[in-house]
Number of protein chains: 2
Amino acid sequence: MSGSLDPIFRPRSIAVIGASRDQNTIGRAVVENLVKFGFTGIVYPVNPKAEVIFSIKAYPSVEDIPGDVDLAIIAVPARFVPEVMEACGRKGVKGAIIITAGFREMGADGMGRESALRDIVDRYGIRVIGPNCMGVLNTDPAIRMNATFAYTSVPEGNVALISQSGAFGLIIFEHTESMGLGMSKFISLGNRMDVGTNELLEMLERDERTNLILLYLESFGDPRQFPAIARRISRKKPIIAVKSGRTSAGAKAASSHTGAMAASDIAVEALFEQAGILRARTIPDLFDYAQALAYQPLPKGDRVAIITNGGGPAIIATDAVIGAGLKMAAFSDTTLAALRSFLPPEASTANPVDMIASAGPEEYRKAVAAALGDGGVDAVIVIFVPPIAADSVAVAKAISGASAGIEKPVLGVFMGSERVAHAVEELERNRIPPYKFPESAANSLAAMHRYAQWMRRPIGEPTAFPVDRDAVRRIIRGRSGYLGMEEVRDLLEAYGLRIPEFSIVRTKDEACAEAERLGYPVVLKALVRGITHKTDIGGIKLDLRTEYEVKGGFYDILESLREAGLDREKDLIGVMVQRMVDGGKETIIGVVQDPLFGPLVMFGMGGIYVEVLKDVAFRIPPLTDRDAMELVESIRGYPILKGIRGDPPHDIPAAIDALQRVSQMVIENPEIVEMDLNPFLILPEGEGVTALDARIRVEPCDEGTPSRGQRP
Amino acid sequence: MSGSLDPIFRPRSIAVIGASRDQNTIGRAVVENLVKFGFTGIVYPVNPKAEVIFSIKAYPSVEDIPGDVDLAIIAVPARFVPEVMEACGRKGVKGAIIITAGFREMGADGMGRESALRDIVDRYGIRVIGPNCMGVLNTDPAIRMNATFAYTSVPEGNVALISQSGAFGLIIFEHTESMGLGMSKFISLGNRMDVGTNELLEMLERDERTNLILLYLESFGDPRQFPAIARRISRKKPIIAVKSGRTSAGAKAASSHTGAMAASDIAVEALFEQAGILRARTIPDLFDYAQALAYQPLPKGDRVAIITNGGGPAIIATDAVIGAGLKMAAFSDTTLAALRSFLPPEASTANPVDMIASAGPEEYRKAVAAALGDGGVDAVIVIFVPPIAADSVAVAKAISGASAGIEKPVLGVFMGSERVAHAVEELERNRIPPYKFPESAANSLAAMHRYAQWMRRPIGEPTAFPVDRDAVRRIIRGRSGYLGMEEVRDLLEAYGLRIPEFSIVRTKDEACAEAERLGYPVVLKALVRGITHKTDIGGIKLDLRTEYEVKGGFYDILESLREAGLDREKDLIGVMVQRMVDGGKETIIGVVQDPLFGPLVMFGMGGIYVEVLKDVAFRIPPLTDRDAMELVESIRGYPILKGIRGDPPHDIPAAIDALQRVSQMVIENPEIVEMDLNPFLILPEGEGVTALDARIRVEPCDEGTPSRGQRP
């Protein structure tokens with residue numbers, strides 16, 4: 001499908017098919033909403049049984065309408081949708097919003113109905129939103145189209161919302177209205193039979209009326225394209241997303257809700273991180289972040305000033321600021337002197353500034369101006385708890401006045417619900433987000449800071465390392481399952497990754513001879529068919545320093561196999577004798593397959609402790625140098641790699657290089673479905689890295705699957 | 001102070017001193033609030049310049065009042081408070097609420113004023129709330145006292161609130177009103193000059209009108225008594241607390257706000273955990289938890305059913321339930337059949353039950369009844385997103401009807417703000433908490449579940465191990481600073497804790513001789529004056545297996561010392577030769593001092609990785625056997641101790657025993673200000689535990705400090 005989306009978003013005439021005289025029907029609500037919201041084109045109600053709907057002449061069929069029809073909004077029962085769509089096609093309608101439910105989301109029957117509908121739509125080249133959706137809103141004064149069945153007086157503005165859930169669309173809609181958050185467009189996705197998230201994002205990317213995009217997603221329509229599109233758009237306008245179906249139970253529910261495949265949450269997390277999408281954990285967070293990003297400039301740093309008239313809120317806000325990963329600003333002497341000049345002695349001038357309950361509009365104005373004027377302050381949170389007989393609106397005006405035209409974000413916290421309602425409206429008019437609690441302000445500011453950091457960060461470039469592609473193809477071609485140790489070694493070496501020299505032996509004497517050749521100390525590892533975790537069966541002996549110890553180790557391994565019920569002849573492939581590499585830190589590099597996004601590159605600290613504590617992170621390849629660096633920096637054990645407690649710093653550049661080589665390997669060879677370099681040793685600075693053990697599984701590649709490497 | 005609190009909470013007559021005719025003054029507001037709220041006793045305004053206030057005869061001084069006065073509410077400027085208090089004393093007033101600010105919270109000057117005031121109060125035996133507070137509320141119909149300057153129509157109920165912040169008291173107050181949460185009592189603590197948190201908690205413990213206690217605290221008044229009191233009360237009624245000043249910056253702000261000493265957050269965390277106090281991270285969480293606990297019975301388990309009319313909310317709710325640590329219930333066949341019997345085929349009957357948008361009151365009633373009737377369901381979250389023309393109130397009634405009288409918690413989520421306002425009131429009338437978002441319901445249910453679990457758990461008993469007290473006193477008495485290694489060993493042994501046999505040597509040859517005597521492999525450790533982390537200077541050599549390796553190790557240690565600029569003669573106390581203990585898992589046991597709570601016992605996983613990842617937990621001694629067990633179970637690395645990957649289970653009972661011995665040691669010897677058993681090795685099951693290294697610092701004990709061991 002590639003027709004323009006204009007018939008849907010910028011129609012000159014709309015047929016509402018399924019409009020009815022009954023006030024409680026969806027079709028009738030759509031007609032009323034279109035008219036009341038002030039649609040600038042013509043509305044044609046269509047209903048075979050009515051002559052007039054909402055004082056507008058109705059037509060029995062779309063084909064009876066005398067003029068051209070750009071857009072059809074369809075709210076007839078599911079069984080009538082195909083014939084209605086045929087009529088639309090014959091009429092030359094080029095856009096449709098199908099509100100009717102009862103398609104793919106209903107299982108096999110519905111799936112068939114949707115696929116039949118798709119044929120009709122394709123035949124006539126009609127672009128479709130839905131089915132099973134809530135409609136579309138466009139506040140552009142040239143259009144003024146509320147093509148939804150939820151009436152709302154939502155003000156015009158610069159926030160666009162794409163929602164996969166109709167119910168949530170409705171909720172979010174109502175809240176943006178009550179928050180005074182102006183909207184540019186709203187699109188309820190429904191089943192995404194035709195128009196999907198990616199295409200809509202690209203439309204919003206070009207839309208000059210939109211400068212902030214909100215997403216509510218339960219699944220991804222075209223996950224392989226989404227990362228690159230989202231990353232590009234995030235550089236231009238912030239995207240805030242709620243992705244539900246986070247937990248596996250939630251994902252199961254999501255999949256039964258839309259029939260969509262569930263993406264693993266780690267992949268989503270990696271994707272959002274790389275694409276600069278701000279993830280809101282909850283719907284209230286989505287609103288909070290949206291108000292901050294829609295209203296205020298981005299902070300240049302993380303140093304926050306807090307100004308308040310109450311001690312309790314000052315403390316809570318300070319906790320929240322630190323808890324959100326921001327810092328409390330240290331005021332300059334000038335700022336401190338300025339604050340002291342007008343605040344009473346009982347006030348606290350150090351940050352957080354507690355001006356005490358006597359502070360009025362004048363104190364707020366001066367304090368906000370002083371904090372904003374301090375070069376050590378990147379953002380200000382202003383808290384007001386109205387004492388008796390306070391003029392809250394005057395305080396709101398003072399704050400707005402002091403912050404007008406200053407390129408630093410100011411966030412308000414006005415506590416006391418109804419008593420500050422007018423003040424909250426005053427703040428909103430002046431585009432200062434008015435939160436109810438300090439935590440919301442701090443978390444929203446932290447989200448702004450994360451986005452600002454991401455905007456400042458270079459995206460980086462994937463490095464293309466020279467590779468002996470022929471050697472690689474010889475190893476992989478036609479194979480299925482785990483590769484042998486020698487093949488693994490050769491494959492890694494083709495991509496410039498090394499593993500310490502080893503031999504595979506069958507007897508004690510061979511082991512001793514090889515140990516002698518490689519040099520002590522050595523490691524022995526049992527290679528057993530079907531066993532991946534060698535420690536489970538006592539199949540690893542480390543740090544063997546003499547021939548005597550090698551013999552003992554070999555004997556112990558055989559003994560362990562026997563105890564595990566394994567047969568030396570049948571199950572044992574051989575025993576690996578490997579030079580022991582000492583020092584460095586054990587990490588893990590892995591490649592796993594996500595059912596939607598394809599391969600993910602994993603990095604984490606190794607060892608049994610960290611395996612339990614799960615200190616790992618993921619990225620979607622191809623990895624740029626920046627992606628690889630952030631992957632390494634993002635794990636909690638990163639300080640260990642940098643070197644603590646007299647430990648030397650480790651070779652982090654070599655690890656970043658290795659991660660990019662792994663990324664290149666999986667991008668160039670989609671046959672690699674699983675890889676595990678574990679332990680992956682990062683040696684002291686300048687000494688490089690080495691995989692101590694490795695496992696690679698390949699499967700013949702489905703030619704139909706586009707490899708991500710082919711993407712522009 | 002030990003006089004009854006009745007004059008404050010159950011007065012028959014109140015003098016409001018500082019009442020004025022000006023509507024905007026605090027004194028006048030208090031008079032008006034007392035009268036409007038329907039105080040059942042007599043109100044006497046006191047003002048030397050007015051004859052009548054709010055239509056009530058005013059008196060020039062409290063001493064001019066003809067009848068008895070039980071309670072004085074003081075709102076005169078700070079400099080007049082002492083003389084007013086003297087007059088109250090002469091009049092025989094036995095209770096006072098001092099609203100006036102300008103005392104300890106203002107630094108040195110105010111501190112002096114407060115201490116002078118305290119002398120007067122002590123002389124007359126007057127019990128005091130404040131100064132610098134917002135007042136007291138008691139909704140008991142026999143009293144009906146709103147002795148605050150914030151008017152509110154707060155309904156009578158069973159929730160009590162103690163707040164250290166006036167501003168937050170006000171906010172919380174207004175929200176409980178708008179939430180329809182009935183209150184029994186509200187106390188604004190202010191500076192806690194006399195009546196403190198502990199005494200108020202004990203009053204609420206006895207108060208039959210209170211069955212849920214909310215706390216907003218910035219600091220602790222009497223932290224040494226608080227743990228035992230809170231733990232006792234939590235067994236009778238839930239306590240939900242917001243403790244602000246969590247982060248160190250927040251604590252600094254808190255300390256400048258109240259002049260109170262800051263408690264470290266880890267101590268607060270440990271205290272709440274042991275005492276069964278539910279910690280709310282934010283004020284909104286406090287409200288959410290309060291509604292759930294005030295309205296609904298506790299769940300018997302963690303299996304949750306979700307019933308909704310929208311797919312999006314179902315997914316978000318499922319994520320939230322799992323994210324909060326609860327489980328999704330699996331319905332019985334009976335329940336599934338019951339649901340199928342009345343739901344349309346498009347509905348999803350598996351949990352979460354998505355009844356789709358057509359569901360009305362009847363469907364809600366039947367579905368809630370079916371879920372509640374399922375033995376595999378412990379709690380139900382019911383979500384409603386009103387479609388057009390829905391009768392939300394009827395749905396609320398249906399839910400209330402289906403859940404009435406059932407001893408399982410039902411939590412409501414009614415989305416769509418104004419459109420469900422009446423339905424929300426209906427739910428509140430029926431004591432079903434009506435949340436706006438699924439996350440709030442899930443988190444509140446999780447809080448209920450945590451409390452229910454804590455209620456089911458035995459508290460346990462501290463074990464008293466036999467100890468050679470004389471030997472212990474001989475080691476500790478009169479000492480200051482770190483004990484020598486032999487003293488540490490003897491002290492640990494006196495409490496039944498062991499450390500592997502060692503000798504301290506000065507030369508290579510002595511080292512070899514001792515290694516021979518102890519048996520290989522051995523460990524060498526440099527004992528260096530003033531150096532606590534031996535690894536920092538390369539002062540530890542592990543796993544030395546031969547005389548040759550011991551000599552090399554000894555040489556390496558001397559070399560490392562030289563490189564660190566240390567002198568062998570001056571700085572090296574000696575080299576420890578110790579039998580190497582192999583196997584087991586490295587953990588840490590520690591004792592640290594909290595400035596407020598005194599000693600805390602720490603336990604965590606050892607090793608450099610975990611040191612960075614900070615997998616440690618704390619408890620306040622004395623530790624019962626349950627406390628010690630929970631301490632061990634609470635760390636993230638606990639599965640490692642239980643044994644994973646073919647690793648045997650480790651001797652957890654021995655570790656629990658050791659933690660109790662450490663607890664007893666610090667309780668019996670308050671001189672021990674720091675202890676570090678690190679690494680503390682937990683060997684395989686049945687083989688016990690051993691500290692591989694230990695450090696103990698003692699300081700002479702201040703006789704005035706009550707040891708916690710002396711508490712009942």
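**Close-up views of a predicted model**

Chain A of this predicted model is divided into five parts: domain 1 (1–133), domain 2 (152–295), domain 3 (297–456), domain 4 (501–579) and domain 5 (585–710). Between the centres of domain 1 of chain A and domain 4 of chain A, taken over C-alpha atoms, the separation is 72 Å.

**Figure 1. A right-handed β-α-β unit in chain A.** The unit consists of strand S1 (residues 13–17), helix H2 (residues 26–37) and strand S2 (residues 42–46). S1(A) and S2(A) run parallel and are joined by five bridges. Within this pair, A:Ile14 stands opposite A:Val43 of S2(A). Four of the five residues of S2(A) are buried, so this strand is largely enclosed by the rest of the structure.

Figure 2. Helix H18 spans residues 485–494, and its buried residues are A:Met485, A:Val488, A:Leu491, A:Leu492 and A:Ala494. Just after H18(A), A:Gly496 adopts a positive phi of about 75 degrees.

Figure 3. Most residues other than glycine have a negative phi, and most peptide bonds are trans. A:Pro521 is placed in the loop between helix H19 (508–518) and S23 of chain A. B:Pro521 lies in the loop between helix H19 (508–518) and strand S23 (522–528) of chain B.

**Figure 4. Positive phi at B:Ser55 and at B:Asn132.** B:Ser55 is a residue other than glycine, yet its phi is positive, near 65 degrees. The loop that holds B:Ser55 lies between strand S3 (52–53) and strand S4 (56–57) of chain B. B:Asn132 is not a glycine either, and its phi is positive at about 65 degrees. This residue, B:Asn132, is found in the loop between strand S7 (127–129) and strand S8 (135–138) of chain B. Is each of these residues buried or exposed? B:Ser55 has 7 other C-beta atoms within 10 Å and is therefore exposed, since the cut-off for this class is 12 or fewer. B:Asn132 has 25 C-beta neighbours inside 10 Å and so counts as buried, the cut-off being 20 or more.

Terms used:
Residues numbered from 1 in each chain as written. Chains lettered and ligands numbered in written order. Predicted model: local features only at pLDDT ≥ 70, side-chain atom pairs only at ≥ 80, totals over all residues. Helix = DSSP H or I, 4+ residues; strand = E, 2+ residues; numbered from the N terminus. Pairing = 2+ DSSP bridges. Right-handed = clockwise from strand over helix to strand, strands pointing away. Domains from an automatic or database assignment.
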